Amino acid sequence: MKRIQYRRYGGPETMKLESFELEPPRQGQVAVKVRFVAINPIDWKVRRGALKMMTGNAFPRAMGSDFSGTVISVGAGVTRFKPGDAVFGLARLKESGALGEAVVTNETFLAKKPDNLPFEDAACLGTPGVTAWNGLVDKAGLKRGQSVFINGCTGAVGEAAVQIARMLGATVSGSCSAEAMPRARDLGVQNIFDYRTTDFSALRDRFDVVYDTAAVMPTATGLHLAGRKGVFLDIDPTPMKFLRALFNRRLKPVVCSPRSDILNGIARAAGDGKLRLRIGEMVSLDQAIPLVTALEKSQKLAGKGLVAIA
């Protein structure tokens, strides 16, 4: 089998397409033959060593988080999946490995793919959908009739957040580039602001929930837009922000934390046609390294970067 892996933490030059042997799934784990993989910033953040306190120093290490595919085998105690099931979800953070022909992940990191959802669309949903859900549902407890402002509403997490917020009955405003405004309107964003020309710190509007899915909004600005009763969801948590959140309950750092109930909810929404993410470019596995490198160097796509494995 082949997968993209690296033998030291570092830049794009460390990535190689190499042979590997898939380990059998252990207790609570599932082995999946991968069909499609979606690329996310977390992929290169892990490879650079930004999370090495969690991922350790054992090499070689594999690349890739979000994927869709078909179950090969299951470990002891797995009850929700069987060989042949079509699934989507996330690889384990420490081991990663979705950018390859097969991967082993936790049962709780997977959901069954709806029959009417193509494998390529399913692969895009993992990290963006879970992160949006973690913020809006877990952290903010978003309710019908509330107002949401999504900074970066046409990015992957932003698009997922817009659709989940609307599904929950909220009214949605957001920011994006002028070029992306038609896409924001198609998603159902009611009030759209050009992030290049808007001074959000001077905006008079207030929202029940402010979600910075672009990871660029200053905390003071987010809290300003949330007002005295709203909450600010910060997708770029740091130790200092976690500390500050202990003293200010309106600041809520968000970390992507997959669970079965979240992924099942995402699957239902996607199956009902309420949640879809755009695909910007698709390449084969042997062209995945150039695509990851380009995205890491800030190349913009009109949607997700996707790798077709088989």
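**Figure 1. Arg47 and Glu296, a buried charged pair.** Glu296 and Arg47 are both buried. Like the other views, this one is drawn from a predicted model. The two side chains form a salt bridge in which the closest N and O atoms are 2.6 Å apart. Glu296 belongs to helix H10 and Arg47 to helix H1 (residues 41-48), so that distant parts of the chain, 249 residues apart, are linked by the pair. Arg48 also takes part: Arg47, Arg48 and Glu296 are linked in a network of salt bridges. In the whole structure, a search finds 13 salt bridges.

**Figure 2. Salt bridge between Arg276 and Asp121.** The side chains of Arg276 and Asp121 meet at an N to O distance of 4.0 Å. Arg276 is partly exposed, with a relative accessible area of 27%. Asp121 has a relative accessibility of 18% and counts as buried.

**Figure 3. Salt bridge between Arg278 and Glu159.** Arg278 and Glu159 meet through their side chains, with 2.8 Å from N to O. Arg278 is in the loop between H9 and E15, while Glu159 is in helix H5 (residues 156-167); the pair links distant parts of the chain, 119 residues apart. The relative accessible area of Glu159 is 2%, which means that this residue is buried. Arg278, at 27% relative accessibility, counts as partly exposed.

**Figure 4. The largest nonpolar core and the surroundings of Val209.** The largest nonpolar core has 47 residues, of which Phe88, Leu125, Leu136, Val148, Ile150, Val209 and Ile266 touch the most other members. Helix H9 (residues 260-271) contributes the largest share of this core, six residues. Apart from this core lies another, of 31 residues, which includes Val30, Met63, Val103 and Ile309. In soluble globular proteins, nonpolar side chains tend to be buried together. For Val209, leaving aside residues up to four places away in sequence, the contacts are Leu136, Ala140, Leu142, Ser147, Val148, Phe149, Val231 and Leu233. Leu136 and Val148, two of these contacts, are also listed with Val209 among the core residues that touch the most other members.

**Figure 5. A nonpolar patch on the surface.** Met240, Leu243, Leu246 and Phe247 form this patch, and together they have about 520 Å² of accessible area. Leu243 is placed in helix H8 (residues 239-247). With a relative accessibility of 43%, Leu243 counts as partly exposed.

**Figure 6. The cis peptide bond at Pro60.** Phe59 and Pro60 are joined by a cis peptide bond, with omega about 0°. Pro60 sits in the loop between helix H2 (52-55) and strand E4 (61-62).

**Figure 7. Two serines with positive phi.** Ser96 has a phi near 50°, a positive value in a residue other than glycine. Its place is the loop between strand E6 (86-90) and strand E7 (102-106). Ser298, likewise not a glycine, has a positive phi of about 80°. This residue is found in the loop between helix H10 (288-296) and strand E16 (304-308). Ser96 is buried, at a relative accessible area of 12%, whereas Ser298 is exposed, at 52%.

Figure 8. A disulfide would require the two sulfur atoms to be within 2.5 Å. For Cys256, in turn, the closest cysteine sulfur is that of Cys124, so the 15 Å separation is too far for a bond from this side as well. Cys124 is buried, with a relative accessible area of 0%. Cys256 counts as partly exposed, at 29% relative accessibility.

Definitions and conventions
Residues numbered from 1 in each chain as written. Predicted model: local features only at pLDDT ≥ 70, side-chain atom pairs only at ≥ 80, totals over all residues. Heavy atoms only, no water. Core = buried A, V, L, I, M, F, W, Y, C linked by side-chain atoms within 4.5 Å. Buried < 20%, exposed > 50% of the residue type's maximum accessible area, 1.4 Å probe, protein only. Helix = DSSP H or I, 4+ residues; strand = E, 2+ residues; numbered from the N terminus. Contact = heavy atoms within 4.5 Å. Patch = residues over 30% accessible without salt bridge, like charges linked within 9 Å, V, L, I, M, F, W, Y side chains within 5 Å. Areas by Shrake-Rupley, 256 points an atom, 1.4 Å probe, with all protein chains shown as cover.
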